[in-house]
Structure formats: structure tokens, C-alpha cells
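Trainee: Please take me through this entry step by step, giving the cut-offs behind each term as it comes up.

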Amino acid sequence: VYIQEEVRNERECRKLCSANESCTIYTYYDDSHVTDERLCILLNAIKEPIRSCENCKTGSDWCQPFENCKLVVWDAGDQFSINKILVTETKTVKYVSREDGCILNNVNAVAVGFGGNGGICSSHGGGGGSG
């Protein structure tokens, strides 16, 4: 939507986003960022792929306590997504928002395992699936 240079801090970047009717998400690069210091990027959406960024923050134009979070990300440590995460090993996956006091929307998750060994009295192997 818009790029503004020489923005003092993240709060000012969020204010710029709030004042722009097309902006719903911003990314702010702070003084320590190697190439884009004090840069504020105003966006109307966030798209995949999502990457971790040192010395930058992404947030929504405003946050309201007890309202649905506007920006929520799946975080598996080595991968991030706004839609889905696929893991093939035991791993902690977080559903996180940087908005203070907001409510995380409903989460749908499917976990499929390889099952057990069928037990002592069974000649069948373990089952799998979610039901």
C-alpha cells in the first residue's frame, strides 16, 4: 500500500497504518536492521511465505482487547504460516498473535499418528488416523 522511510519507532508505523484506510498490516524495520533501518511498510494483507525477520516487527493497524485477533501466525520454530503447518516429527507448534488481549479465533487441527502395536492379544498392527 505504502512505504515510509525514516519512521522513528514501531508505534509511529502503527499510527501511519491506522491513518491509511487501505492498511491493515504493517512491518517496521528498527534502527538495528542492516539494510532497511527505520522503514515502515504498510500492507493491506499478509501473504505466504512468512519468514522470521531480525530487527523488524509486523502487526495489525490496531488491536482491541477482547476482540478477535487480526493477525495470527502458526509458529513451528523453523516455519511460519497464516494458514497451515505440516510437521512430520514431534514438535511444538504455537498459534500466536502480538496483539495484547485479543481473542484467538477458533483453531482447527488434525493430528495423524502411526498408532500403537496392537497389544499382546491382537494379531493386528496398530491403527492410525483421527478416528
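Trainee: Which residue in β6 stands opposite D75?

Mentor: This is a predicted model, in which local features need pLDDT of at least 70 and side-chain atom pairs count only at pLDDT 80 or more, whereas totals for chains, interfaces and linings use all residues. Residues are numbered from 1 along each chain as its sequence is written, and side-chain values use heavy atoms, with hydrogens and water left out. Strands β5 and β6 run antiparallel and are joined by two bridges, where two strands pair if DSSP finds at least two bridges between them. The residue of β6 that stands opposite D75 is F80.

Trainee: What is the order of the strands in the open sheet?

Mentor: The sheet has three strands, and their pairing is antiparallel. Its edge strands are β6 (80-81) and β7, each of which pairs on one side only. Read across the sheet, the order is β6-β5-β7.

Trainee: In what order do the elements of the chain run from the N terminus on?

Mentor: Helices (H or I, at least four residues) and strands (E, at least two) are taken as DSSP runs and numbered from the N terminus. On that basis the chain has one helix and seven strands. From the N terminus on, these elements run β-α-β-β-β-β-β-β.

Trainee: How many degrees lie between the planes of W74 and Y95?

Mentor: Rings of Phe, Tyr and Trp (its six-membered ring) pair if their centres lie within 6.5 Å, and planes under 30 degrees apart count as stacked, over 60 as edge-to-face and the rest as tilted. A search of the whole structure finds one aromatic pair. W74 and Y95 form that pair, which is tilted, with 4.5 Å from centre to centre and an angle between the planes of 40°.

Trainee: How many residues apart are W74 and Y95, the two partners of that pair?

Mentor: The aromatic pair of W74 and Y95 is 4.5 Å from centre to centre. It links distant parts of the chain, since W74 belongs to strand β5 (residues 73-75) and Y95 to strand β7 (residues 94-96), and their separation in residues is 21.

Trainee: What is the relative accessible area of Y95, which is partly exposed?

Mentor: Buried means under 20% relative accessible area, exposed means over 50%, and partly exposed lies in between (1.4 Å probe, protein chains only). Y95 is partly exposed because its relative accessible area is 22%.

Trainee: Which cysteine forms a disulfide with C13?

Mentor: A disulfide is a covalent bond between the sulfur atoms of two cysteines, and the criterion here is a pair of cysteine sulfur atoms within 2.5 Å. A search of the whole structure finds four disulfides. In one of them C13 has its sulfur atom 2.0 Å from that of its partner, C40.

Trainee: Is the link of C17 and C23 left-handed or right-handed?

Mentor: C17 and C23 form a disulfide whose sulfur atoms are 2.0 Å apart. C17 counts as buried at 0% relative accessibility, and C23 counts as buried at 2%. With -95° about the S-S bond, the link of C17 and C23 is left-handed.

Trainee: How many residues apart in sequence are the parts that C69 and C102 tie together?

Mentor: The sulfur atoms of C69 and C102 are 1.8 Å apart in their disulfide. The torsion about the S-S bond of C69 and C102 is about 85°, so this disulfide is right-handed. C69 lies in the loop between β4 (56-60) and β5, and C102 in the segment after β7, so the pair ties together parts whose separation in residues is 33.

Trainee: Which residues does L16 touch, not counting those up to four places away in sequence?

Mentor: L16 lies in helix α1 (residues 10-19) and, at 33% relative accessibility, counts as partly exposed. Contact means heavy atoms within 4.5 Å. Leaving aside residues up to four places away in sequence, L16 touches Q4, V7, C40 and L42.
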